[in-house]
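Work through the exercises below with the model on screen. Try each task before reading its solution.

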Amino acid sequence: MSENSERVNLLNFDRDGLIAYCESLGEKRFRAVQLLRWMHKHCVGDFDKMTDLAKSFRAKLEASCEIRGPVAIRDKISSDGTRKWLFDVGSGNAVETVFIPEDDRGTLCISTQAGCAMGCLFCSTGKQGFNRNLTTAEIIGQLWHAEKTLREDAGVTDPADRIISNVVLMGMGEPLQNLDNVIAALKLMLDDNAYGLSRRRVTVSTCGLTLQMDKLAQAVPVALAVSLHAPDDELRDMIMPINRKHPLADLMAACKRYLAHAPRDYITFEYVMLGGVNDSIAHAKALVKLVKGVSCKFNLIPFNPFADSDLKKPEAATVKAFQDYLMGQGIVTTIRKTRGDDIDAACGQLAGSIKDKTRRAERLAEQKARATFLIKEEK
Ligand code: SAH
Ligand code: SF4
């Protein structure tokens, strides 16, 4: 199907949207739910194969609709089993999706934007600049394509045998900057007639857009990971420009409001450890003070370097000491393992291919100046 197709792409609809659309075609709700199950439970993209749908309904769908996920233009498997797809999203843009198999789970890391406008200093997506928000079809289409392909490769035919058990919105982009499309995709992930994942097995990661955190809590309170990366505003302003708009006090208040919607939950604070910049015990001490009163865990992510990143990896012993300090203060703290190293699939290394629409040269020069300042300050 061509990119400019006039057909209605059914992957853009969550359950309510699909029901409304089918009703507009003169079809009953239960027919829409049957269709939903074929698309997302059985991962079928071909109307011909939807054998229990009335022939007349199938004919209508054939005439005006399509089920079109993003097209994979690269598919690489790492020696540790991690798999990375590069999906074409048109106009020269491509985004990445990563599958991480583990003994007790299979996690898919999904992208939500072509690029990212947040400009965090340590992130290769941020360096690429921003092109546009992904559509709901492009977001859920990553899960649809991955589950379909993994099942085909493993010879799994029973839809009850899900290969992907967890989804994290930690790929390219800032999910909460694309809230409407992300919410529709999340609803499909949780829907029993679609992917049927539990609320706690789906995680949205944000750099801290406080207003949108409130909206997410109202709409679909899934697990929330917040990228913290610094214990005070001065340092966080340097590392993450968004902090100048939503400083730490506002962010902590937003975390508490989020938890009020999901009382038995906790926030996962992600903390990228940048060698010599934010990895001292003094930083860890300040963090403990900062998060007091927020039910939380920490996930330490040793910085993954990429071309021109200017920043340094932390020492392994420093990361361990940081973890021990937080644990000693009663905060559950894990260190994220690097997976898919040989295919550049690690956290923060997803680059895809982005036709930047922002003032890239200016932004890069400004980022370089900030990185140089931080590294010098430590010496
Ligand atoms: N925009 C969202 C989600 C995508 S980034 C966010 O910022 O939370 C997912 C995680 O990868 C974030 O915690 C981010 O800080 C981290 N990350 C980005 N670049 C990294 C790098 N080079 N090394 C390690 N982690 C990185
Ligand atoms: Fe965007 Fe997240 Fe990267 Fe920051 S870390 S630039 S918010 S993708």
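Angles under 35 degrees count as roughly parallel, over 145 as roughly antiparallel, 65 to 115 as roughly perpendicular, and the rest as oblique. The model is predicted, so local features need pLDDT of at least 70 and side-chain atom pairs pLDDT 80 or more, while totals for chains, interfaces and linings use all residues. Residues are numbered from 1 along each chain, ligands are numbered from 1 in the order written, and side-chain values use heavy atoms, without hydrogens and water.

**Exercise 1.** Classify the packing of helices α6 and α7.

Solution. Step 1: α6 spans residues 179-190 and α7 residues 210-219. Step 2: their axes (lines fitted to C-alpha atoms over the stretch in contact, with angles from 0 to 180 degrees between N-to-C directions) are 11 Å apart, at an angle of about 25 degrees. Step 3: α6 and α7 are therefore roughly parallel.

**Exercise 2.** Classify the packing of helices α1 and α2.

Solution. Step 1: α1 (residues 15-24) and α2 (residues 29-41) have axes 8 Å apart, and the angle is about 125 degrees. Step 2: α1 and α2 are therefore oblique to each other. Step 3: the residues in contact (heavy atoms within 4.5 Å) include L18 and C22 of α1 and V33 and L36 of α2.

Note on methods:
Helices (H or I, at least four residues) and strands (E, at least two) are DSSP runs, numbered from the N terminus.
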